[in-house]
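Welcome! Take a moment to turn the model around on your screen before reading on. We will walk through it together, from the whole fold down to single residues.

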Amino acid sequence: FGRVMLPYLAILLVYSLLRKPVDIGNFLLVGNYLPPAGGFLTPFWFLDALFQLYLLVLLLFTVPAVRRAAAADPFHLGLWLTGGAFLLKFGAMLTIDQTLGLDHRTAQAALPLFAIGWLIWFARTPGQKWLTAAIVVVLALCTAGIIQPLAIWGHFRPVVGEMRAIWLLISAFLLLALPRVPVPAMLQQVVTSISASGYHIYLSHGII
């Protein structure tokens, strides 16, 4: 919360003081369930969803059996998490009214990405990596709108879904194939500093 959400809330406060009022829902980190405000703040809805996923995972890990499963075999637990994430996401898509256009901004919409990130992190064997890659392909097909009626970005113009699917495939496959990239010693400090600052650069670039 301190490293990710507090800088975001600070940006909201500055924006509300210098530019225009910010809905209280944004400060409560539920702005992703509000109609888009437009302008600079709209791209940050995913931080609200991320915070909600933090809370979901914290609640999940209050269950002793979940903690034991994570300690014993985190990849296997990730498969269960991924299966539940897909059921929750697509169940909501098929049953909840999507007329507000917020269906891609909710916590359950982002949950499969969170779960796949878990799998990528804990995939160690070739079999685990290939299984994770197959799951990524399924999500990419849904993202691109190829699998109907589970087209995640169906109400956007087609290119949005295709581009998101391509980015998903490239990033996930690179993380699976190249979890570590050798960097010359003279560049390590520079690369590390820029990488560590990337989130704060992203948060502040809009204001600048």
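Leu29 sits in the loop between α2 and α3. Its phi angle is near 65°, a positive value in a residue other than glycine. Is Leu29 buried or exposed? With a relative accessible area of 3%, Leu29 falls under the 20% cut-off, so Leu29 counts as buried.

Now step back to the whole protein. What you see is a predicted model, and its mean pLDDT is 85, with 85% of the residues reaching 70 or more. The protein has 9 helices and 0 strands, which gives the pattern α-α-α-α-α-α-α-α-α along the sequence. Of its 208 residues, 37% count as buried. Among contacts with a separation of 6 or more, 62% join residues 24 or more positions apart. The protein exposes about 12800 Å², and carbon and sulfur atoms supply 74% of that area.

| Helix | Residues | Mean pLDDT |
|---|---|---|
| α4, the highest | 64–72 | 96 |
| α8, the lowest | 158–177 | 85 |

Next, look at helix α3, which covers residues 45–60. This helix has 16 residues and reaches 23 Å from its first C-alpha to its last, close to the 22 Å expected at 1.5 Å a residue. Which residues of α3 are buried? They are Trp45, Leu47, Asp48, Ala49, Phe51, Gln52 and Leu53.

A nonpolar patch of about 1100 Å² is made by Met163, Ile166, Trp167, Ile170, Leu174, Leu178, Val181, Val183, Met186, Leu187 and Val191. The elements that give two or more residues to this patch are α8 and α9, and α8 gives the most, with 5 residues. One member of the patch, Trp167, has its place in helix α8. Why does Trp167 count as exposed? Its relative accessibility is 59%, and exposed means over 50%, so Trp167 passes the cut-off.

Methods. Residues numbered from 1 in each chain as written. Predicted model: local features only at pLDDT ≥ 70, side-chain atom pairs only at ≥ 80, totals over all residues. Heavy atoms only, no water. pLDDT = per-residue confidence, 0-100. Helix = DSSP H or I, 4+ residues; strand = E, 2+ residues; numbered from the N terminus. Expected span 1.5 Å × (residues − 1). Buried < 20%, exposed > 50% of the residue type's maximum accessible area, 1.4 Å probe, protein only. Patch = residues over 30% accessible without salt bridge, like charges linked within 9 Å, V, L, I, M, F, W, Y side chains within 5 Å. Areas by Shrake-Rupley, 256 points an atom, 1.4 Å probe, with all protein chains shown as cover. Salt bridge = Lys/Arg side-chain N within 4 Å of Asp/Glu carboxyl O. Contact = heavy atoms within 4.5 Å.
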